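Visitor: I am new to this structure and would like to learn how to read it. Please show it first, then take the features one at a time.

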Amino acid sequence: MQVTETLNDGLKRAYAITVTADELDAKVVAKLEEARPEIEMKGFRKGKVPMPLLRKQFGQRLLGESMQEVIDGAMNEHFEQTGDRPALQPQVKMADEDWKEGDDVNVEMSYEKLPDVPEIDLTSISVEKLVVKADDAAVDEALASLAETAQDFKDRRKGSKAKDGDQVVIDFLGKVDGEPFDGGAAEDYPLVLGSGSFIPGFEEQLVGLKVEEEKLVEVSFPEEYGAPNLAGKAATFDVTVKAVKEPVAAEIDDELAKKFGAEDLDALKTQIRERLEAEYSGAARQVMKREVLDALDKLVDFDLPPALVDAEAGQIAHQLWHEENPEVHDHNHDHVEPTDEHKKLAERRVRLGLLLADLGQKAEVTVTDAEMTQAIMSQARQYPGQERAFFDFVRQNQQMQQQLRAPIFEDKVIDHIAASATVTEKEISKEDLQKAVEALDEE
């Protein structure tokens, strides 16, 4: 076997690999010898079939298999000897299109190698860690919001008209083709107008009604309605309004706290303060992470594999195009050509990605099974009722696992960097933190 370099340009490499016909034949013979003890053929005892017959029966099938193994072996040996790491899957093709059995095998292999990442002094990095305390005003604001979600309703002044957001207590009787249908009647039913609880068009027709008023509501069941006997059909409802109530926020007291699982109001305030500060801390971490990445980007500069940059630029352009065209949900659209700005951003991402991977490898950063399980379960909650199916899907899908593992690995590397860097805490208001977070999207 012979491997000859044919291209060495920056990170681009190309090689000619020659496997002689004798080497390939020896591989085939070795496979036949290995299998011979278990082979039976009419007229011969098990394991005693002559080699010429074995070659005639199985040689062609083993030839292609042997060729692939020899070429793969040559490639693996090459990468072990050179230390090259391909940025993407190497391109391999036969040099002789009219190759036939008995000829030497000539293969052309080309790839872009990953660059050598320079060493950096992490202690030279200085970043700020923003700190925001949850003050009493923020806690009170969150409490008021909770009180709104736990709202109650009280009777409006006599003679008041029902408004969107009000609760009306009604009796109703539904009919299709003049006949009542199962499930189409109720008494003293509390309905919040605008909640979308009833058939489309029903609630809107009750706006403006007063207590004791009656209304003939005319609607049509949706075509995809759950009951086939009602789907798409026109219906009428005889409705009588028995009460009109306006929404009122719940009292901020111990009873409200108990509704949210706290012992009393003070305990609820403590929970809210902790939750708010956890949210602030998460947002502040994103700001610090950007500072770390910016600092790293200024510290290093090295050649990047063009194929990786082009692929990343294409992905960025495609993603931004879909954000600007949200009505398009598939990929049946014209090719999106990356701009210079996309390519510049791609270069930064590829450079930082390679740097973080190198730093993480040297620091022996790993993602544990427990961390992966937690990430999968977190994603699975987005599919209520299908959590187990999603969990099994991820376990069987290497690409999906990598998508979940990558951000965990990156965050752990950022923690490793921050542990060596100079980190200065700076206490700011939540408004200033919000501005800092918004600035991340603008960059």
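Guide: Axes are lines fitted to C-alpha atoms, for helices over the stretch in contact, and angles run from 0 to 180 degrees between N-to-C directions. Helices (H or I, at least four residues) and strands (E, at least two) are DSSP runs, numbered from the N terminus. This is a predicted model, in which local features need pLDDT of at least 70 and side-chain atom pairs count only at pLDDT 80 or more, while totals for chains, interfaces and linings use all residues. Residues are numbered from 1 along each chain as its sequence is written, and side-chain values use heavy atoms, with hydrogens and water left out.

Visitor: At what angle do the axes of H3 and H5 cross?

Guide: Two packed helices are described by the angle between their axes and the distance between the axes. Here the axes of helix H3 (residues 136-149) and H5 cross at roughly 110° and come within 10 Å. H3 is therefore roughly perpendicular to H5, a term for angles of 65 to 115 degrees.

Visitor: Which residues in H3 meet H5?

Guide: Contact means heavy atoms within 4.5 Å. On the H3 side are Asp136, Ala138, Val139, Ala142, Leu143 and Leu146, and the residues they meet in H5 include Leu268, Ile272 and Tyr280. This contact has 10 nonpolar, no polar and 4 charged residues. Ala, Val, Leu, Ile, Met, Phe, Trp, Tyr, Cys and Pro count as nonpolar, Asp, Glu, Lys and Arg as charged, and the others, Gly among them, as polar.

Visitor: How do H5 and H10 cross?

Guide: Their axes come within 11 Å and cross at roughly 75°, so H5 is roughly perpendicular to H10. Among the residues that meet are Arg285, Met288 and Leu296 in H5, and Glu410, Ile414 and Ala418 in H10. By class, the contact of H5 with H10 has 7 nonpolar, no polar and 5 charged residues.

Visitor: What is the order of the strands in the open sheet of 4 strands?

Guide: Strands of a sheet pair through backbone hydrogen bonds, either parallel or antiparallel. Two strands count as paired if DSSP finds at least two bridges between them. In this sheet the order is E1-E2-E4-E3, with antiparallel pairing. Strand E1 (2-9) and strand E3 (91-94) are the edge strands, each pairing on one side only. E1 is joined to strand E2 (residues 12-19) by 7 bridges, and glutamate 5 stands opposite tyrosine 15 in E2. Helix H2 (residues 51-82) lies across E1, E2, E3 and strand E4 (105-112), at about 40° to E4.

Visitor: How many residues lie between E7 and E8 in their hairpin?

Guide: There are 2 residues between them, and aspartate 177 in the turn has a positive phi of about 55°. The antiparallel strands E7 (residues 167-176) and E8 (residues 179-192) are joined by 8 bridges.

Visitor: Which helix supplies the largest share of the lining of the largest pocket?

Guide: Rolling a probe the size of a water molecule over the atoms shows where empty space is left. On a 1 Å grid over the protein atoms alone, a pocket is an open set of points where a 1.4 Å probe fits, with protein on both sides within 12 Å along at least five of seven lines; lining residues have an atom within 4 Å of a point. The largest share, 13 residues, comes from H7. The whole lining has 40 residues, with Glu312, Arg349, Val350, Gly353 and Glu410 nearest the centre of the pocket.

How values were computed. Parallel < 35°, antiparallel > 145°, perpendicular 65-115°, else oblique.
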